Amino acid sequence: ATPAALMVGVGKGAESGILIRGAEYLERSQKINTIVFDKTGTITKGEPEVTDIVSLNELSEKQIIEYGGTVESGSEHPIAKAVVNKMKEMNIPLTTPEEFESLNGLGVKAMVHGKKIYTGNRKMMKQFGIDVRLAEQNMERLESEGKTAIMVIIDDKIEGIIAVADSLKETSQMAIFALTDLGIESIMITGDNEKTAQAIAKKVGIEKIIANVLPADKAKEIKKLQAQGKFVAMVGDGINDAPALAQADIGIAIGSGSDIAKETGGIILIRDDLMDVSRAIRLSRATMKKIK
Ligand code: ADP
Ligand code: MG
């Protein structure tokens, strides 16, 4: 490979906001046949909003949001921000939760007004041995709509559900289509549940999903794909994504994401536009063609 042609390629990328960390990444990009996308903040905007509040017993919707939101006020997660925003919107005063604990990939717990509150997903409630059958029908309905539904448990009893929805980035669907056109398979990875993931994947034209993945296990899933002989790029934005970006044959950090993701990525997409993934691949292929 002539270094000059590679340098031209790297320069061309930079002009359109595709920062290639080293010429070897440009060389490797042409071999990519599988791209794994993080869901939240990568395919979706990562700014969810509360769409539904369901009370399963005698509490009001306002009380469900008040308990759930008070616990969530201790968390920085996008879901937590959505619930706290809703609380403000409904003029519910914020009190400080006591004995707050955040459980990565599961949810949050704390004491509120002397009651023990769990707010999180099925996996969390299973871990705490909570019977959530009463919520199941509503959970499935909300999830099939592509919403992320979390359960509000008060003193070990399921009381309600809060659903949030995150909108797709404008070019996500087009970006997946462009990659399919280049013969590349797109996969979506997420800590979210299977149903919600499936609904969102369908909207953007992704057939394969890897759901219910704890943040610590994302890199393992990349490794599994590599063991199947795939040459894998991972696209992500978050702090949680850094190990998976590092494990992939090429890590692609996107847009407004965290600094840690950017430090780990071999390619950094400055604009928050997933179309730049296929642009990077095409640039790589064109550059390598010139070299041969
Ligand atoms: P993602 O892969 O979408 O970035 P995370 O690993 O951050 O997801 O979270 C996975 C799942 O864990 C969420 O979909 C949600 O069900 C649950 N979860 C995580 N944090 C919270 C929280 N603060 N409140 C409620 N649920 C949470
Ligand atoms: Mg994320």
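The briefing takes the ligand site and then the helix pair.

This is a predicted model, and the values below are computed from its atoms. The shell around ligand 1 holds 19 residues, of which Thr40, Glu72, His77, Gly105 and Gly191 come nearest.

**Polar contacts of ligand 1**

- A polar side-chain atom of Glu72, one of the nearest residues, lies 2.5 Å from a nitrogen atom of ligand 1.
- Ser75 also approaches through its side chain, with an N or O atom placed 3.3 Å from a nitrogen atom of ligand 1.

**Cover and composition of the shell**

- On its own, ligand 1 has 560 Å² of accessible area, and the protein covers 93% of that area.
- The elements that contribute two or more residues to the shell are β5 (107-112), β6 (115-120) and β7 (148-154).
- Sorted by class, the shell around ligand 1 consists of 11 polar, 5 nonpolar and 3 charged residues.

**Packing of α8 and α13**

- Helix α8 (residues 172-181) and helix α13 (residues 275-291) have axes that come within 7 Å and cross at roughly 25 degrees; because angles under 35 degrees count as roughly parallel, α8 is roughly parallel to α13.
- On the α8 side the contact involves Met174, Ala175, Ala178 and Leu179, which meet Met275, Val277, Ser278 and Ile281 of α13.
- The residues of this contact between α8 and α13 divide into 7 nonpolar and 1 polar, with no charged residue.

Key: Residues are numbered from 1 along each chain as its sequence is written. Chains are lettered from A and ligands numbered from 1 in the order in which they are written. This is a predicted model: local features need pLDDT of at least 70, side-chain atom pairs count only at pLDDT 80 or more; totals for chains, interfaces and linings use all residues. Side-chain values use heavy atoms; hydrogens and water are left out. A residue is near a molecule or strand if one of its heavy atoms lies within 4 Å of it. A polar contact is a pair of N or O atoms within 3.5 Å; within protein, one must be able to donate a hydrogen and the other to accept it, and residues adjacent in sequence count only if both atoms are side-chain atoms. Accessible areas come from the Shrake-Rupley method with a 1.4 Å probe; for residues, only the protein chains shown count as cover. Helices (H or I, at least four residues) and strands (E, at least two) are DSSP runs, numbered from the N terminus. Ala, Val, Leu, Ile, Met, Phe, Trp, Tyr, Cys and Pro count as nonpolar, Asp, Glu, Lys and Arg as charged, and the others, Gly among them, as polar. Axes are lines fitted to C-alpha atoms, for helices over the stretch in contact, and angles run from 0 to 180 degrees between N-to-C directions. Angles under 35 degrees count as roughly parallel, over 145 as roughly antiparallel, 65 to 115 as roughly perpendicular and the rest as oblique. Contact means heavy atoms within 4.5 Å.
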